[in-house]
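Please read its points alongside the model shown here.

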Amino acid sequence: MDAMAEENEQQSTRRPPSAKLTRRALILVAAGAVLAAVATAVVAGFGGSGDDSAGTGGALFTTGAVAGEAFGTAVGGDCLTWSAIDASDLAKVDCEQTHLFEVVQDIDLSVFPGAEWGPGSRFPSVLRFTELRDEHCAPAAMDYLQGRFDPHGKFSVGLINPGEAGWDAGERTLRCGLQFSSTTGNLLPIEGRVADQDQSRAWEVGTCIGINNGVPADPVECSQPHAFEVAAVVDLSPQFPGGVPSMADQDKFLESTCTESTNAYLGDPEALRDKTLTLFWDNLDFDSWLAGSRRVNCSVGKQVEGGGFASITGSAKGDILIDGQPPVAPPPVPEGRSLPTPLPGAAPLPNGAR
């Protein structure tokens, strides 16, 4: 194998699929969730991608405000949780406990002009509540966090409305808040206040991200089909203590760091190549860096021709199947590094080179 072929093989096990590919996949999932929102009557989910450009990809929940006081008395700084699918058992909890929603502001629509909010008015549609979330909740969340909100991070802006029964009873108050939405819009538990956390959308090492039609979905057990597996989490702050590093500088640092960490995770420097997997990592942009996000994932998966991911079953630390078949390891690379035949008139090879 000549030098160029060897270099191409090494590159094929590293960078692609890029973080941009992963983000594009997430956006596709989010678009699908929008369609699902229109068809869902009880719980209206909207978005779910951490890469929503406005940082508002989340879910809209209908609650039984008339049935309890938690919704009616919740104000900015309160944390809420529930287990029922319609959130009718919504309750306040200490924010250090596991919860699903941190209220940033309550909005009383009854003080707004117009018949849309008056007595006997029609319960708004999912899309209308989405507009209200984007118009009122997104800026409220930014103010609540004093401008330190990562629009590409793990948290998204959400809205809880009073439910149709509450609306018919005259309740016109909305609760804007922050939540941790999975790729497909399901809410994941939060512990502690958002302002006290790193907002990086970095999964824990060993997490496997499920797959749906070739694009990433929600976390699953690694024994289930998945798109990729998180092999390492890297904190960029020690390497870049100043301003936001360029993508090129991030890539240069992460190529070596992710390779070393992933080899350690897999237990064998040849495992990635032998299992025909690709190592890739995320990058942080200016908005994320400004919000204080510093952690990124190094992950392993397998890109398919034309984009997207192959379906992997089993942890990369052990035996795996790729699209239902065991991977076939490529031929071993010969020891040493072959050098191409020099062109006529080129400088002589370095001493000792053959």
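1. Cysteine 137 and cysteine 176 are joined in a disulfide, with their sulfur atoms 2.1 Å apart. The pair connects distant parts of the chain, 39 residues apart: cysteine 137 lies in helix α4 (residues 126-144) and cysteine 176 in strand β7 (residues 173-181). Helices (H or I, at least four residues) and strands (E, at least two) are DSSP runs, numbered from the N terminus.

2. The model is predicted: local features require pLDDT of at least 70, side-chain atom pairs count only at pLDDT 80 or more, and totals for chains, interfaces and linings use all residues. Residues are numbered from 1 along each chain as its sequence is written, and side-chain values use heavy atoms, with hydrogens and water left out.

3. Salt bridges (a side-chain nitrogen of Lys or Arg within 4 Å of a carboxyl oxygen of Asp or Glu) number 7. One of them pairs lysine 92 with aspartate 78, the closest N and O atoms being 3.6 Å apart. Lysine 92 belongs to strand β4 (residues 91-93), whereas aspartate 78 sits in the loop between α3 (69-73) and β3 (79-81), 14 residues apart.

4. Which residues line the second largest cavity? They are His226, Glu229, Leu277, Val300, Ile312, Gly314, Ala316 and Ile320. A cavity is a set of points on a 1 Å grid over the protein atoms alone where a 1.4 Å probe fits but cannot get out, and lining residues have an atom within 4 Å of a point. The volume, the space filled by probe spheres set on the points, is about 30 Å³ for this second largest cavity.

Terms used
On a 1 Å grid over the protein atoms alone, a cavity is a set of points where a 1.4 Å probe fits but cannot get out, and a pocket is an open set with protein on both sides within 12 Å along at least five of seven lines; lining residues have an atom within 4 Å of a point. A disulfide is a pair of cysteine sulfur atoms within 2.5 Å.
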